[in-house]
Each structure stands twice: as C-alpha cells, then as structure tokens.
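Me: Got a model open here and want to talk through it. Can you help me read it?

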Amino acid sequence: MSMKFLSRGLLLAMTVPALLTAGCAATGSGQAMEGAASPASPTGTDTGMYESPMPGDSGTASPTGTAGAMTSPRAVVEQFYKALDDGEAQKAAKMFTSDGVAAVQGKDTAEGMQALTDVFEDAKVEGTPNIEESEAMGKAAFVSATVDSTRGFFLLANEGGSWKIDRYMSNSSSD
C-alpha cells in the first residue's frame, strides 16, 4: 500500500467522527456531546489553530514561505476563498492536487483541472470565511470553514513543501 493511501485513510478515520458530531449538532438530527473529545481537540476544548511548521515557515499563518510555497493549510483555504470571491475559478482549481476532488452541493463531483475550474466558475463567496478548525498532521491536514450558511471541509496534502487541497466538500446547513 502506498504511503499516500495510508495517510489519507488515517486522516479520514480521524476526521469523520468529528464531522458527524458537527453535522448532528448543526442540523439538530442527533446529539453532539458538549465538550466531547474529537481527534482535532483531544481535550474537548477549542485549543486554537495548530500548524505543523514546514521548512521556511515561521509558525504564522503566512501564505508563503521562503521559496514561495504555501506553508499553512489555513492560508491555502483563505486564498481559495479569495480566488472564488474574485471570480478566479482557474486560480482556485490550481490550489488542488493533480487528483484533487471537489463535491459541491448541487453540482456533479469534480475531478481534474477542467472539471474543478468548471465547478468553481459561477461560485461566489457570500460573506467573510470563518476558519473554524485547522490541523496539520505530518503531510496531511484538514480545515473546516463556514461562509454565511455554507460549510466547507478541506483535506490537504503537503507535496514538496507546498500545501494543496486534495479533497473539498461543501454544503449548506439546514435552517
């Protein structure tokens, strides 16, 4: 088995329970335990953002390091939302890995540069993105964010010192 496959599997195994808990809490269709521990927050409390330092990263959320590589998963997601807000679908698509996938509510799942560009072509950000959680674990990371009533969940991969979006899923919370 490849290391990329194992890394993705481990990341998914760690994040799916947190997503289910968050989804149940947001929709009222289940019970989320207040203060329950999640993989991103072992103590059950919001510990703030944690980013694994990468070469050239000072530990801040600066979008670029010394070589111009995106060194923070949070910064990549912020730049992704900015590209959408600016109407730059191709720029948003280039923030994905070569086999990146986007599952956007109401649209076909997109894989590949052209499909990603197409799915983001008419996407607009309505409001200021709120990065709720960002966690890096070696060469994998996840970021969850909301913009108005739309939730976004990102899985990122570090390729050659640069963070890229590998999987993205968004949907609207129910009212």
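Me: Is strand 5 mostly covered or exposed?
Reply: Mostly covered: seven of its ten residues are buried, meaning under 20% relative accessible area with a 1.4 Å probe, protein chains only. Strands here are DSSP E runs of at least two residues, numbered from the N terminus.

Me: What's the ground rule for the numbers?
Reply: This is a predicted model, where local features need pLDDT of at least 70 and side-chain atom pairs 80 or more, while totals for chains, interfaces and linings use all residues. Residues count from 1 along each chain as its sequence is written, and side-chain values use heavy atoms, without hydrogens and water.

Me: How does strand 5 pair with strand 4?
Reply: They run antiparallel over eight bridges; pairing takes at least two DSSP bridges. Valine 143 stands opposite phenylalanine 154 in strand 5.

Me: And which residue in that hairpin has a positive phi?
Reply: Aspartate 148, with phi near 55°. Aspartate 148 sits in the loop between strand 4 (140-147) and strand 5 (150-159). It counts as exposed because its relative accessibility is 62%, and the cut-off is over 50%.

Me: How many bridges join strand 5 to strand 6?
Reply: Ten, and the two run antiparallel. In their hairpin, glycine 160 takes a positive phi near 60°.

Me: Switching topic, where does pLDDT stay under 50?
Reply: Over residues 17-68. pLDDT is the predictor's confidence per residue, from 0 to 100, and the chain's mean is 73. Where pLDDT is low, the predicted coordinates should not be read in detail.

How values were computed
Helix = DSSP H or I, 4+ residues; strand = E, 2+ residues; numbered from the N terminus. Contact = heavy atoms within 4.5 Å.
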